[in-house]
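Visitor: I am new to this structure. Please show it to me, and then I will ask about the terms used for it.

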Amino acid sequence: MPVFAANLTMMFNEWSFLDRFDAAAEAGFTAVEYLFPYEAPPEAIAERLTRNKLEQALFNLPPGDWAAGERGIAALLGRFEALKVDVERALDYAAATGVKRLHLMAGLADPSDEEAVACYQRSVIYAAERLAEKDLDLLLEPINGRNMPGYFLNDFGAAERLITELNLANLKLQFDIYHRQIIHGDVAMALRRLIPITGHIQIASVPSRQEPDGEELNYPYLFAEIDRLGYTGFVGCEYTPRGGTLDGLAWLKPFARS
């Protein structure tokens with residue numbers, strides 16, 4: 001069965017960030033993910049992971065100036081030196097947490113701009129090769145334009161082509177089912193085609209981005225399909241609870257640890 005990772009950026013917001021690790025473990029999760037760890041010391045995160053016997057499934061490399069509206073810098077001109085610094089910062093947290101995969105955000109740029117395309121490819125190659133030295137995977141995630149207007153990597157086909165063309169062993173797809181449904185639909189068939197290059201899966205209901213227990217998608221079917229396809233990675237719960245986090249976890253009960 002899938003191994004679900006609680007997304008501590010979107011879930012368990014009733015607790016402070018570090019206390020969310022404890023709450024997620026008590027709720028039955030065996031793994032966690034989040035967008036960014038950088039406001040907490042790496043050793044503090046490592047202590048919470050160890051205390052709660054949690055695996056660190058994923059987090060993002062630094063995204064640039066998030067508060068100012070940046071959503072990654074990989075495709076932005078003139079930011080390559082900053083990206084190299086960000087990779088090293090992320091590697092410090094990776095060493096502390098034991099994570100095996102990091103997501104590189106592309107940023108807000110025109111995917112038809114040749115300079116942005118070249119900049120993005122250069123950044124992806126650099127980050128993937130640097131992470132490979134530490135036996136880590138680099139993930140690329142297409143994000144829909146409704147939630148993030150102007151995001152450079154907004155197409156699963158573009159991500160698939162880049163991963164295939166670069167042919168780097170540790171470069172993988174981050175298959176967010178919520179984003180896939182909004183961008184293209186055809187989730188099950190896409191999973192069947194893309195599982196071989198997929199390093200991480202994320203879930204949420206569509207269109208509300210809440211618990212995976214209703215609306216457009218039949219998640220019990222998709223969970224069974226993910227198992228049938230032989231996927232053994234994590235499934236990140238990147239959703240916003242419709243009420244209290246614990247009140248919405250009925251869907252997890254068949255999968256939670258005892």
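Visitor: Why does R130 count as buried?

Guide: Buried means under 20% relative accessible area, exposed over 50% and partly exposed in between, with a 1.4 Å probe and protein chains only. R130 has 17% relative accessibility, so R130 counts as buried. This is a predicted model, in which local features need pLDDT of at least 70 and side-chain atom pairs pLDDT 80 or more, while totals for chains, interfaces and linings use all residues. Residues are numbered from 1 along each chain as its sequence is written, and side-chain values use heavy atoms, without hydrogens and water.

Visitor: Which residues is R130 in contact with, leaving aside neighbours within four places in sequence?

Guide: Contact means heavy atoms within 4.5 Å. On that basis R130 is in contact with V87, E88 and L91.

Visitor: What makes helix 3 and helix 4 roughly parallel?

Guide: Helices are DSSP runs of H or I with at least four residues, numbered from the N terminus. Axes are lines fitted to C-alpha atoms over the stretch in contact, with angles from 0 to 180 degrees between N-to-C directions. The axes of helix 3 and helix 4 cross at roughly 30 degrees and come within 11 Å. Angles under 35 degrees count as roughly parallel, over 145 as roughly antiparallel, 65 to 115 as roughly perpendicular and the rest as oblique. Helix 3 and helix 4 are therefore roughly parallel. Among the residues making the contact are E88 of helix 3 and R130 of helix 4.

Visitor: Why is P63 called buried?

Guide: P63 has a relative accessible area of 7%, so P63 is buried.

Notes:
Helices (H or I, at least four residues) and strands (E, at least two) are DSSP runs, numbered from the N terminus.
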